[in-house]
Amino acid sequence: MKTMDLVKEYLAEQGYRYDIDGDGDLHFKAEGVNLYCTDNGEDSQFFRIIMPNIYQLENNREKVLEAVNKITREWKVLKAYLVEDRLWLSIEMFVDSTPDVGDFMPRCIKILLGARKDMAETLFG
């Protein structure tokens, strides 16, 4: 079974509602925040969960880049990066060929939500 199918199964079991966008990415919300799991085609061992557009740069690029560096350094497996002038967070990792999504999905969601909060505290005090 493909990792995306396992993610769908996990989300349904946990009571999350999800939909699939035009790119084949799976969209759901956790604590009111938009999250996406991307379909990685034939690479069934690659897992990515994204929290897009958490912050719009407003003439403070250097401050945001310093905050990005801080949270990327402090949070395990987290990537923080800019897409155009918007800050995105993601977790990208390899999983075995038959992963138990319940072993890592709750922690991934917790990391993304925590890093988002940390980023806000770093930027706005």
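Reader: At its relative accessibility, what does Phe28 count as, buried or exposed?
Author: This is a predicted model. Phe28 has 1% relative accessibility. The cut-off for buried is under 20% relative accessible area. Phe28 therefore counts as buried.

Reader: What does Tyr16 count as?
Author: The relative accessibility of Tyr16 is 25%. Buried requires under 20%, and exposed requires over 50%. Tyr16 falls in between, so the residue counts as partly exposed.

Reader: How many aromatic pairs does the structure hold?
Author: One of the pairs joins the rings of Tyr16 and Phe28. In total, the number of aromatic pairs is 5.

Reader: What kind of pair do the rings of Tyr16 and Phe28 form?
Author: Two values describe such a pair: the distance of the centres and the angle of the planes. Here the centres are 5.4 Å apart and the planes stand at 75°. Planes over 60 degrees apart count as edge-to-face. The Tyr16 and Phe28 pair is therefore edge-to-face.

Reader: How many residues apart are Tyr16 and Phe28?
Author: Tyr16 sits in the loop between helix H1 and strand E1. Phe28 sits in strand E2. The pair links distant parts of the chain, with a separation of 12 residues.

Reader: What kind of pair do Phe47 and Phe104 form?
Author: Both residues are buried. Their ring centres lie 5.0 Å apart, with the planes at 65°. That angle is over 60 degrees, so the pair is edge-to-face.

Reader: Where in the chain are Phe47 and Phe104, and how many residues apart?
Author: Phe47 belongs to strand E4. Phe104 belongs to the loop between E6 and H3. This pair, too, links distant parts of the chain, and the separation is 57 residues.

Reader: Within what arc do the buried residues of helix H2 fall?
Author: The buried residues are Val64, Ala67, Val68 and Ile71. In an α-helix, residues three or four places apart point the same way, because there are 3.6 residues a turn. Seen down the axis of H2, its buried residues line one face, within an arc of 105°.

Reader: Which helix do the buried residues of H2 pack against?
Author: Their partners include strands E4, E5 and E6. The helix they pack against is H3.

Reader: Which exposed residues does the face of H2 turned away from its buried side carry?
Author: The buried side holds Val64, Ala67, Val68 and Ile71. The face turned away from that side carries Glu62, Glu66 and Arg73.

Reader: How far is the backbone oxygen of Leu123 from a polar atom of the Lys63 side chain?
Author: Lys63 lies in H2 and is partly exposed, at 43% relative accessible area. Lys63 touches Thr122 and Leu123. From the Leu123 backbone oxygen to a polar atom of the Lys63 side chain, the distance is 2.7 Å.

Methods. Residues numbered from 1 in each chain as written. Predicted model: local features only at pLDDT ≥ 70, side-chain atom pairs only at ≥ 80, totals over all residues. Heavy atoms only, no water. Buried < 20%, exposed > 50% of the residue type's maximum accessible area, 1.4 Å probe, protein only. Helix = DSSP H or I, 4+ residues; strand = E, 2+ residues; numbered from the N terminus. Arc of directions from axis to C-beta. Contact = heavy atoms within 4.5 Å. Polar contact = N/O pair within 3.5 Å; in protein donor to acceptor, adjacent residues only side chain to side chain. Phe/Tyr/Trp six-rings, centres within 6.5 Å; stacked < 30°, edge-to-face > 60°.
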